[in-house]
Amino acid sequence: MTSAPLAGRLDGLLFFPVTAYGPDGTLGLDAFRAHVRAGVEAGAGAVFACCGTGEFHALTPEEYRACVTAAVEETAGRVPVVAGTGYGTALAIRYARIAEEAGADGLLAMPPYLVVADQEGLLRHYTALAGATGLDVIVYQRDNAVLTPKTAVELARLDGVIGLKDGLGDLDLMQRMVSAVRAEGLELLYFNGLPTAELTGPAYRGIGVTLYSSAVFCFAPDIALAFHRALNSGDDATVDRLIDGFYRPLVELRAKGRGYAVSLVKAAVRMGGLDVGEVRPPLSEPAPAHLEELAAIIGRGRALLGDPR
């Protein structure tokens, strides 16, 4: 962990590495380290370890500690490390403190487990989490953790809460949140956290949300970085070409299977030559025909960049 404020260090493409497992299903730290190292060397702006793509739900506290520690060691302060946390408040705080001990720079607070809470309960949850460590917190809005603009304002007032990551995809709600926070003279970082966020990147950019998580960066950093550069520079022709020929087909494939937002990414990392193992239950591996389709989509993406691989 560095002493520099996290909010000022989050820039560029946000890398959400998969968690590697060996043939027997146990944690594969060597492969995980290689995966993180390759991502940083490829140009990741930050490493979000043990989050959704990293199968946070499937990790024991001991495995979580080992992965966050490895990510911190491999980044060596070059980019910030943000660790996922979740479940109920008590467990979320337990994982947060493990992340702090392991040297993480911040936390991504995933939705509380199972229950659908009201706004007061969600605010109490995030308030307790933000006060439990010295780490800055990014709140992940999705599933059973959907906020109102009023709650977003209250989060922006909390010491330790620096951002809101949106995995819901309701642009009307996001615009009203951004407006409400701004009208109060407050600040939050906003992130597009939808699976394959590049597909909706132009739409989110229109309401001022420029940061996003890139699952594609896990297995095709060349494609992800080319898209990121094009989006930031206003190269609409490249953005459209990659959306039409690569990202839209990838999203359509992802929709063909439950859990494909994780298992397809992990399969694509293996296709690239790094054996990170299979997903853990309750997730399942993609169907063979879908793996063939995935390989073809990646090939088309690289062809659009003029890469003969």
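**Notes on the predicted model**

1. Among the contacts in the protein with a separation of 6 or more, 74% are accounted for by residues 24 or more positions apart, where a contact means heavy atoms within 4.5 Å. This is a predicted model, in which local features need pLDDT of at least 70 and side-chain atom pairs count only at pLDDT 80 or more, while totals for chains, interfaces and linings use all residues. Residues are numbered from 1 along each chain as its sequence is written, and side-chain values use heavy atoms, with hydrogens and water left out.

2. On overall dimensions, a compact globule of 309 residues would have a radius of gyration near 19 Å, and the protein, with 18 Å, agrees with this; the radius is taken over C-alpha atoms, and the globule rule is 2.2 Å times the number of residues to the power 0.38. Taken along the principal axes, the box filled by the C-alpha atoms is roughly 50 × 45 × 35 Å. The protein has 11 helices and 8 strands, these being DSSP runs numbered from the N terminus (helices H or I, at least four residues; strands E, at least two).

3. On burial and surface, 55% of the 309 residues count as buried, with buried meaning under 20% relative accessible area, exposed over 50%, and partly exposed in between (1.4 Å probe, protein chains only). The accessible surface comes to about 12700 Å², and 53% of this belongs to carbon and sulfur atoms; areas come from the Shrake-Rupley method with a 1.4 Å probe, and for residues only the protein chains shown count as cover.

4. On charge, the protein has 27 positive and 36 negative charges, whose mean positions are 1 Å apart. Here Lys and Arg count as positive and Asp and Glu as negative, with His and the chain ends not counted, and each charge is placed at NZ of Lys, CZ of Arg, CG of Asp or CD of Glu.

5. A search of the whole structure finds 15 salt bridges, each defined as a side-chain nitrogen of Lys or Arg within 4 Å of a carboxyl oxygen of Asp or Glu. One of them pairs E63 with R280, with the closest N and O atoms 2.8 Å apart. Because E63 lies in helix 2 (residues 61-75) and R280 in the loop between helix 10 and helix 11 (288-304), the pair ties together parts that are 217 residues apart in sequence. E63 counts as buried at 16% relative accessibility, and R280 likewise counts as buried at 14%.

6. A salt bridge also joins the side chains of R65 and E101 (2.9 Å, N to O). This pair links distant parts of the chain, with R65 in helix 2 and E101 in helix 3 (residues 89-102), 36 residues apart. R65 is partly exposed, with a relative accessible area of 34%, whereas E101 is exposed at 56%.

7. R270 and E285 form a further salt bridge, their closest N and O atoms being 2.7 Å apart. R270 belongs to helix 10 and E285 to the loop between helix 10 and helix 11, 15 residues apart. Both count as partly exposed, R270 at 23% relative accessibility and E285 at 24%. Salt bridges that share partners also join R33, R37, E73 and E74 into one network.

8. Which residues does S263 touch, not counting those up to four places away in sequence? They are V279, S284 and P286. S263 itself is placed in helix 10 (residues 260-271) and is buried, with a relative accessible area of 0%.

9. In helix 5 (residues 149-157), the buried residues are P149, T151, A152, V153, L155 and A156. They pack against helix 4 (119-132), strand 5 (136-141), strand 6 (161-166) and helix 6 (171-183).

10. Some backbone geometry deserves a look. P281 and P282 are joined by a cis peptide bond with omega of about 15 degrees, and P282 lies in the loop between helix 10 and helix 11. E55, although not a glycine, has a positive phi of about 55 degrees; E55 sits in the loop between strand 2 (46-49) and helix 2 and is buried, with a relative accessible area of 0%. L114 also has a positive phi, near 70 degrees, in a residue other than glycine; L114 is in the loop between strand 4 (106-109) and helix 4, and counts as exposed at 63% relative accessibility.
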